[in-house]
Amino acid sequence: MTDTDGSNVLFVVLDTVRKDRLSVYDADRDTTPHLADFAEEAAVFEQAVAPAPWTLPVHASMFTGLYPSEHGATQEDPYLEGATTLAESLSAAGYDTACYSSNAWITSYTNLTAGFGDHDNFFQIMPSELLSGPLASLWKTMNDNDTLRGVADRLVQVGNKLHEHLAEGGGGDTKTPQVIDKTIDFVDDSDDFFAFINLMDAHLPYHPPEEYAERFAPGVDSTEVCQNSKEFNCGARDIDDEEWAAIRGLYDAELAHIDDQLNRLFSHLKETGQWEDTTVIVCADHGELHGEHDLYGHEFGIYDPLVNVPLMVKHPDVEPGRDDETTVELVDLYHTVLDAAGATGRGKPLSDARSLLSADYREFADDIGGTDRGDVGFVEYHQPVVELRQLEGKAASAGIDLDEQSRFYSRMGAARTPDAKYIHCTRIPDEAYDVESDPGETADLAGTADEPTHLKEALFAFVDAVDATWPDEADGADGDVLGEMDEDTKDRLQDLGYID
């Protein structure tokens, strides 16, 4: 038994899921009817903001209550250290804790699974035993050495390269049913639980089960459409309207499969009498771009399809209904979970202003840059070294020279309120949008009389507050990494197909 009077907690992340493709946020879509049913008994937030546009920093923020520049789990140093996680706090409070996922970032080698009593990574390429064993040790050794850090970045690409190979052949079967099975077994064996799951189906490549593909992408061969975002982003591959429609159909099919599997878990909790005593949080860590702003995937931008994410919360202290006014930062979910579990937190302490269960939610004592702190959410996108290297490889193969004064080489940050957004980039002009009247972010207001200068000021005040750095360079230069590498490390990289 726990030493708290809190509820069970089920925390569900729908990896790479856009708001606008869910039935919850668009009643005309039939992609996720079960999630729409869940939303009837939950608070549905329209203005949730992710702290970054990709998995690692977002999960680290949700697990620690810290922004990316504070916890430091970014592409330059891709593992979490020196911060106490939700799982560690809840384990100490007596909760049974488990993390089930098929996302390669949520493993022991990044330290994101710290504190979970049980965790399994159903990664399609590398078994969890490898990711939490020799590869974890190799990864940390390489990242602790400045010279080898570039090769550590390359090591991340092993999974990406193999994933890409399977994508070309239609491989990479969903692991979501296994994640759900494991979660059901865990909650049934627990008196008080914190269960975290990440469902990866909506992440590239899209190869949905046949029954779902027939419904949402009839006649589409998933091995024939573009499944590599880097090929499109560097200009080596064009995608016409018909192919975009096919890609979106496959994506919707993946969402429908997630919806059915999640319903299986929710139904089980109801049938076994656990539902009423369980706080349920459902969100996306980030979204996806399908051609908007001439981008595919979730790199090189922080536009709203990436960072304005779906969020639903079921708890007795959160009134069901749709909230289209309150800015919610995913960083706040750390405090919300602590509050629901009745725990104070062994790391960053519980803040009422950060808990969705509190009457004082988003009631901060100070403003930021002259803007009400409760109204604004912040986004950080550190140096995209891993994606950049892959992009450069695709460009080089196609004989394309990338412009170094472009978004591909930029560090980015944004301040967003329900009605406006300001984006700062290190190598290209800043951007600003009226996201209330222009949700597609098509009319750039930067430098005009309508520019939201208050958000620019808030963004740079935030940068100072989290002690962020804004480098001019983001070229992912490795240096002479192989020259100083020991033979065991070289052998391991060779075994993984990284070097000849």
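Predicted model: local features only at pLDDT ≥ 70, side-chain atom pairs only at ≥ 80, totals over all residues.

Author: Arginine 21 touches Arg29, Thr31, Arg248, Tyr251, Asp252 and Leu255, leaving aside residues up to four places away in sequence. With one of these, aspartate 252, the arginine 21 side chain forms a side-chain polar contact of 2.8 Å. Arginine 21 itself sits in the loop between strand S1 (8-14) and helix H1 (33-39). Is arginine 21 buried or exposed? Its relative accessibility is 10%, so arginine 21 counts as buried, the cut-off being under 20%.

The largest nonpolar core has 120 residues, and Phe11, Phe194, Leu311 and Met312 have the most contacts inside it. Helix H11 (residues 241-271) gives this core its largest share, eleven residues. As for methionine 312, its contacts beyond four places in sequence include Leu35, Phe38 and Ala39, along with Val24, Tyr25 and Val280. Another core lies apart from the largest one; it has 17 residues, among them Ile368, Leu459, Val463 and Ala468.

Finally, a look at some open space. The second largest pocket holds about 420 Å³ and is lined by 18 residues. Nearest its centre are Lys19, Asp304, Asn308, Arg416 and Pro439. Strand S2 (43-49) and helix H12 (304-307) each supply at least two residues of that lining. By class, the lining of this pocket has ten charged, five nonpolar and three polar residues.

Key: Residues numbered from 1 in each chain as written. Heavy atoms only, no water. 1 Å grid on protein atoms, 1.4 Å probe; cavity = no way out; pocket = protein on both sides within 12 Å on 5 of 7 lines; lining within 4 Å. Points joined across faces, edges and corners; volume = space filled by probe spheres on them. Helix = DSSP H or I, 4+ residues; strand = E, 2+ residues; numbered from the N terminus. Nonpolar A, V, L, I, M, F, W, Y, C, P; charged D, E, K, R; others polar. Core = buried A, V, L, I, M, F, W, Y, C linked by side-chain atoms within 4.5 Å. Buried < 20%, exposed > 50% of the residue type's maximum accessible area, 1.4 Å probe, protein only. Contact = heavy atoms within 4.5 Å. Polar contact = N/O pair within 3.5 Å; in protein donor to acceptor, adjacent residues only side chain to side chain.
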